[in-house]
Structure formats: C-alpha cells, structure tokens
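Here is a friendly note to read beside the structure viewer. Take the points one at a time, and look up each residue as you meet it.

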Amino acid sequence: MYLKFLFLSIFIFNYTLLFSQFKIEGTVIDQKTRLSLENANVVVRNLADTTFFAGEASNANGKFIIKDLKQGDYSIEISFLGYEKLKVEKLTLNADVVLDSFALPEDSDLLNTVVVEAVILRVVQNGDTTEYNAGAFKTARGSTAEDLIKKMPGFTVENGQVKQNGETVRSVTIDGKKFYGDDVTAALRNTPADIVDKVQVFEFGNDMLFLFGGEMGFGDRGINLVTKKGMSDAYIGNLELGYGTDDRFLAKGNFNRYKKTSRLAAMWNVNNINVVDVMFSPYSMRGGGGGVGRRGRNNNAGVMPSSSNTGITDLYTGGLAYTNEFGKKLSFTGTYFFTYSEVNNLSTIERTYFNTDAVDAQLLYSENNTSKSYNRSHRGSLNLIYAIDSNQRITFAPTINYTNSDNRNNFSGLNFFSNNDSLNATNTQSDNFNNNLNASVQLGYSLKFDKIGRKLEINSNARYDNQLQTDGQLSNNFFFDRDTSTIFDQLADNNTQGRSVNNVINFFEPVALGHVLQFSYNNTFNFNSNDKITNNFNETAQEFNLLDTLLSNNFSTTYQLHRAGINYSYKAKEDKITIEAGLSAQYANLNKQEFFPTAFNFDKPFYNFLPTAGIRYKFDKTTSVRISYRSSTNAPQANQLQDVIDNSNPLLLTSGNSQLKQNFTHNIGFRFSKTNPKTSANIFIGSWSNITQNYVTNSNIIANSDTIINAQSPVLLQKGAQYIFPVNSGNYYSVRNYMSASFPVNKIKSNLGFSLSVNFTQTPAIINQIANLSNNINTGGGVNLNSNINENIDFSISFNGNYTDISNSNNINNNSQFYAHTIYGSLKYTFWKGLHITANVTNTYNSGLGEKFNQNIVMLGSSLGYKFGKDRNAEIKLSVFDALSQNQSIARNTMETYWEDSRNLVLTRYFMVYFTYNLRKFNNKDGDAKTAPNSETPNDRPRRQRPN
C-alpha cells in the first residue's frame, strides 16, 4: 500500500511538472553605464524541441518577462545593436526563475565593421489584443501618434479616417482612458509619437453588439496608446506658427500636464489652410447644396481619391481634456471642444442616370454650385466611474453637443439627354439656418458575485435631440419643350425632436469550467416628431404667409422594441478555441401618427428571431482564425417616413414614404491573422458578407411627359424632372475581402507592406417602375515602404490603385468602368547641425471618368528648415504647398440610380514660413524611469568609427 501511494505521488508530481507553465524574468543593462536598455531582444529556445522559441523585447526599465514555458531545458540569448551577445547555454526550468541582470558590453568590433541590426519584436499578440512596440518604428522628431501608426503593419489613414486591417478605428484611449472622448483625430494628432511606448489594438462592442454579437468579431476597432515610463510628472507640448502668401496663416498647438493620477490637456488650432485636428460634429460641415436624392447608400467601394479637403476652410477651434483618479474608488474624465469654421466651396457635378427605357440617349444632369457656410459647435462629455467595492461599479457618462450653422448656396442645374437635347434648368438661391442640440446620458451598474464568472450588468442610455431648421429658397425654373418658366419663392420652418431610452440587462452564469450562459434583455423606446411648415411669398402682403400644404406636414413616430435572448459560450483551457451561439426573440412596433395635411394612424408590429454564432480557433499564440454570424433588424428613420415633398432642387423632387417596413440583415465575418515574432512579419485575411432583406432603396421617376405623382396630395411632375422616394425593394448583397501583409526589410531598415481588396455589391433600385440591379465590382491594391532607420531619416513610398466595374441588369448602355491610382513619396532628412529638408510628391491618375474629369495630377511640396535650441526642440522652416499648382479634388460616387463625377474647390500653391517649438520636460521624481523619453540612450547615441 505504501509503495502504491509513493508511486502515485511521484506520478502526480511529475505530471504536474510536465503540464505546469513557468516564466523567466530578467533585466538588460549597459555594462559600463549600468543604464537599462530598452528594446533589447530576448529569445528563449527549447533544447529538446528545436522548433520552439519564444521572444520578448525589454521594456523602458530593461525588464522582460517570458511566460507560458513548460518544464524543460532552455537556452537564452540576449542581443542589442552595438553590443556583444550574451547567451545562457542551458537553463533547467521547473519553477519560475528570476535571473540576475544581463550586463551587455559594447561590441568594439562593430565600430569598424558593418552593423547588422537584430530585429526588435514589433508585434505581439496578447489574447484578442494586438500590441505594437512603438520603439521598433522610427519617426522624425516632432511626429504625432498618427504619424507613428502609419508605419505599423495593417494601419492606413485615408482622408483622416484611421483603419486597421481594413476596418475603421472608432475609439482611441490613452492609458485606458478616453482622454479626448470619441474624437479619434484629436487623440492621435495631439499625442506626440515620442511619448508612446505601446499601441494596442482591440475590439470593443456597444451594448447591442456585446449582447447579441458577443466577442466574435462584430465590435468596433479601438486603439489604446500606452505612454512611456516617466510620464507621472511631465510637461508635453507643441506650438506651431505660420504665415504665408495670399494671407495664409496657421497657429496651432497643445499643452499636456501629466501627473501620477491626473492629466490635463489644452489644444487650439486657428488656420485657413485646411489643417484639421478634431472631428467635426455631424451638422458643423453642412455647406454645399444641390445634393438632392442622395438618400441611398454609396455603393462605390473605391471612391476616386481626392487630393485635398473639399472647399477652403477658415477654422478656429480649441479644447480641454482632464482626467483624474480620486483615491481608489472614483475616476473622472471630462472633455470640451469648441469649433468655428467658415467654408467656401465651388463644386461641379456631372451625373449619368441608369435609364430603363429602350432609347439611345441617356439622361444626364449637370450642376454648378457656389456655397458658403458658417458653423459653430460646442461638444462636452464626462465619464465618472465609481467603485462601490471590489465587486460593484457604477458608470455615469453624459454628453452634450450644440451646433449652429448658416449655409448659403447658389446653384444652377440642367437636365439633358446625351444627344444634347435640353429638358429643363434651374437657378436657385437658398439659405439654410440650423440649430441642433443633442444630449445623452449613460448610466451603468455592474456586480460580480462571489462565484467566479457570475456577473450582472445593467446599462441605460437616454438621448434627446432637437433640430430647428429654417430654409429660404428662390428658384427660377425653365422648361425648354414648352418655353415656359416657374418661380418658387418660399420659406420653410422644420422642427424635429427625438427622444430615446435604451435599457440593457445582462446576467452571466458559469455552468461548468469554460462554459458560460448569458441571459439578456433589451428594451428600446424611440419617439420622433417632425413639424414642417412651408409658406410661399405673398406679393400683395410682401411676406411669407401663403401656406403650401403640399410642402408641409406634421407627424410623429414611435418605435418600441423588446428583445430577450440567451447566449452560450465555451472557452477551452489555454484559450485554444472559443465557441459562441445565441438566439433572441424580438418584438417591435412602429407607429406613425400624421396630423397635417391629413389625419391618419399607421401601426405595424414586427416579430423576429435573431440567431448569432461564432467560433475562434488559435493555432498558437500568434495565429488565429474567426468565423462569425450575426443577424439584426433596422427600422425606417423619421426622415424616410416623412412623405412631404422636398423641392430644394426643383428638378429633383424628393420625399419620404410612410409605408416603409423594417429590414432584416445577415452578417458573416471571417478573419485570419498571423504574426511571426522572430521576423516581425504579419499577415491578415478578412472577408465580410452582408445580405439585407427588404432593403430600403430609391425609386426614381423620370418624367417623359407631364406626370401626376403622390396620389394623396397630387403634384405635377413636369417633363424631364425627377421624383425620388425610398421603397422596400428586394435584397442588397455585399462582399468585402481584404488582405494585408507586412514585414521588415532589414537591409534598408524599412518596413514593407502590401494590401489587396476585392469588393462586390448588388443594389436594387426602381427606375420608372422597372426594377434594376446595379452590380459594382471593385478591385484595389497597394504597396508601401516606410523607413525605420532613425529620427534623422524618414521616408515613405506608397502606391494605391483601384479598378471599378459597374453593370446594370436593364440597359448595358449604363455600364461603366474606371480606374484610379495614387502614388505618394515623402522624405524628411536632417543633416548638418539641425538643418533639414522635406519633400513630398503625389501623383493622382483618373481614367474612365467624363471628359472634364480625366486627370493626371502631380502635387509637389517641400520645405527647408533648421532645428535649434536645447535638444533641438525649436525649428524654423520655409515651405511651399503644391509647387506645380496642379491640386484638384475629383471623385466618382455611385448610387442606386446613377453615378456622378464631381470637382470641388481646393487650395493651390502658396508659400509659408513656420516656427515650431516642442516642449518636453520630465521630472521623474517618482523614480519610475531611469531615463526620460526622448533622451539619449545607448541605443540612440551616434557611434563614430574608431581610428585605425
């Protein structure tokens, strides 16, 4: 009996050792200075299994931790540029090990020989979070976090929109906090690159996605910027002043005060050269007119690239952000932004409609528009998190947004056939005044029970919206076939109000190891009211007091939703496989009450079952694949249900449709990602499919003769004019495929990246009561090379091209193909004693557009500057923008019933003198960093060749 017990004990002991996981800790320092070495490479290899290795880069304190190692014999190799390698030939691991400091001696031989740089670990996969080591990506002095992430694998910045692996980044946090609210642009452009230690990319879901999509790939992309050590007592700032020809000016900057538990940031930006560092609110940039009938979605997966922002903007903006931790229980974050802008624009539109009639000539539309808008915006947000105890937490997050705008437009439009037969024309002056107030508050409560994994979450979100809009319009409309004209002179007041409450309850119950049930309930209440009164001008009374019942109405909509569901998830030990499946039952009711011009009540219930499913499998720590399915419904919006005529463009009348139904959408997602820590290579493959039933599309009536429309309130649609309104019609299909790959090219100390996308959409539409399917196939690809040498040499070369093929089911004359590409190159080079030059060139080529738009544009910019002062933090430079004066903004957009080419006003050549100052002060009184960020460490010190 004793021997049996002894053998059993030995077996259990050996079994435990065999399957236990251990870690190795250590520190890397300079042998001579005893300073810590950041980004030293540490590689651990299993002597019994030569295919196994693990690696890590030392942090700012020189420390490294390599986890999840099984019992066995290992070798350890430490390497760093300019130092001799150290190697532990054999280390027997049967428990956690903390090693003495590795003191690396400088390699004197390297000073006389070619330097071969070891690859710093650039990308690490930690669970569902992808972590980029900022120190492995070199940027020029004074760069921002946006400049930094452009060098990282999978990241792109397109017209100010940040994407990672083809998916839009919706949120940026700094050390885990929304320091700039939801403003991605402000967070990235006001955070210096040289204070960022790590860039973490994760996926977060809003309440609905979290409830019914789980963590299986339907959340939004988020970025967390982890700052370097030494930020517990620091001053960070930037000031940039510029003045140039044509009275061009710039005054922008930011100031950040970092303390151990608090941070304060102030930013400002005043310029008239289209430099934007904050996102505009939805109503703050509504300048521009004539955009009528654009209720549908943009089908074009490859919109023609624009070489500049639309219009010329005078911008005045400022903001404050503050965060603090009051003890261990209360956390506070608050932001405020103010924006004032004046936007001037000249635009041209050439539109081709998808005819369904068997005629040789196509219907065309041409528009020229001059617009000016004045916009004011105030945005504020708070986020309070109170920890009642270790198991309970309350979150309170109110936001408020007030915008005021004044938009003035002068446009002329012409409908004609491709054989040059003119149908009708309009000359319209319009003034639009908007006051918008949007406020919301989120309240959340979470409770963790004593049983591990059991949790209760309650979240409530209330929102209030109020929009007051006044539209004045004077139109002179001419009809060529009858040689007659009409004049509209009217004033419309439109008041739209909305109130909504969304309540979500989640309860998580672990039923076995790795198995969790989630019970969910969601209740949503949305109320919207719309009161539009349009008066025509009374010549006798000389005032607007003649009510136009065809252009006026008063109605309200109420949408209520109840949804209950159960979700099952399984996560295997060691996180190899995760499976989720769920089903929810939903009841919704849409009610519309119209009070004027006719009184009626519309009430429609909807019953749905919404399944979800997903699986994620990890081949290893660096390779994973996900497959996900989610279903959802969408109710019509209030403006889509408003069936009053909108004649802001008399040639293109629009209205809503009170009979719209909700649609039902199926989403399928596939993701594969792999990172090789040894080579820092990264590959991503993704595919997203969407099927929407009862799709809300446009029905377009093109009057071949005078036609009566809108039977309830008859309106004469004169020959050649158009009437567009939304309808439920058929299914919408889309498939989006994206692949990216990147790896370092060590011989030239650069990072090389590739991307490829193939997208397909099929959009139903109705043209003159005949169904049409518009098929859009877009193929695009790109390659980019970014330097990773040092802060004195920074270059970037990229090519991005796309080819689009549009075909229609009814008339092959409506088919079209077009191609566009952009080639970009930039260089920043600092040479003799702080003197530096920059140059950038952009070639934009368009083919397949209308004759007025096929363009081959070359933009050239350059500057010559000098950096001086302590640590060369001050700079003065002379620059030129668009030296060849070729800048243009050209785009092609594809809608359900037409495609159009457009051109907008842009900035052209100007010269400017700039002064810049970067503030970097690190007190480091808390002793959490031996060297301040941006200081000279052994890795950064210039090395001179030793005399023979």
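This is a predicted model: local features need pLDDT of at least 70, side-chain atom pairs count only at pLDDT 80 or more; totals for chains, interfaces and linings use all residues.

1. Is M152 buried or exposed? Its relative accessibility is 3%, and buried means under 20%, so M152 counts as buried. Leaving aside residues up to four places away in sequence, M152 touches Y132, A134, F137 and V199. Then look for F743: along the sequence M152 and F743 are 591 residues apart, yet their C-alpha atoms are 9.9 Å apart in space.

2. Now step back to the whole chain. It has 948 residues, and 49% of them count as buried. The chain contains five helices and 49 strands. Take the contacts between residues at least 6 apart in sequence: 67% of these join residues at least 24 apart. The accessible surface of the chain is about 43,500 Å², and carbon and sulfur atoms account for 56% of that surface.

3. Two strands, β46 (874-881) and β49 (910-922), each supply at least two residues of the patch. The largest share, four residues, comes from β49. I876 sits in strand β46, and with 42% relative accessibility I876 counts as partly exposed.

4. Next, the aromatic rings. A pair of aromatic rings is described by the distance of the centres and the angle of the planes. How many aromatic pairs does a search of the whole structure find? The search finds 20. One of them joins Y829 and F831, whose ring centres are 5.5 Å apart with 25° between the planes, and this pair is stacked. Planes under 30 degrees apart count as stacked, which is the cut-off you need here. Y829 is partly exposed at 35% relative accessible area, and F831 is also partly exposed, at 34%.

5. Rings can have charged neighbours too, and here are two examples to find. R351 lies over the face of Y898, 4.3 Å from the ring centre. For W688, the charged end of R736 sits over the ring, 4.1 Å from its centre.

6. Side chains of opposite charge can pair when their charged atoms come close. The structure holds 17 salt bridges. Among them is the bridge between K90 and D73, with the closest N and O atoms 3.7 Å apart. K90 lies in strand β6 (residues 86-93) and D73 in strand β5 (residues 72-79), so this pair ties together parts that are 17 residues apart in sequence. K90 is exposed, with 54% relative accessible area, whereas D73 is partly exposed at 26%.

7. Compare two further bridges. The side chains of D901 and R892 meet at 2.7 Å, N to O. D901 counts as buried at 3% relative accessibility, and R892 is buried at 2%. E25 and K23 also form a salt bridge, at 3.5 Å, N to O, but here E25 is partly exposed at 24% and K23 is partly exposed at 28%.

8. Finally, please check two backbone positions. Which phi does D246 have? D246 is not a glycine, yet its phi is positive, about 60°. D246 is in the loop between β16 (233-244) and β17 (249-259), and at 56% relative accessibility D246 counts as exposed. K833 is not a glycine either, and K833 has a positive phi of about 50°. You will find K833 in the loop between β43 (816-830) and β44 (835-847).

Note on methods. Residues are numbered from 1 along each chain as its sequence is written. Side-chain values use heavy atoms; hydrogens and water are left out. Buried means under 20% relative accessible area, exposed over 50%, partly exposed in between (1.4 Å probe, protein chains only). Contact means heavy atoms within 4.5 Å. Accessible areas come from the Shrake-Rupley method with a 1.4 Å probe; for residues, only the protein chains shown count as cover. Rings of Phe, Tyr and Trp (its six-membered ring) pair if their centres lie within 6.5 Å; planes under 30 degrees apart count as stacked, over 60 as edge-to-face and the rest as tilted. A charge sits over a ring if NZ of Lys or CZ of Arg is within 6 Å of the ring centre and within 35 degrees of the ring normal. A salt bridge is a side-chain nitrogen of Lys or Arg within 4 Å of a carboxyl oxygen of Asp or Glu.
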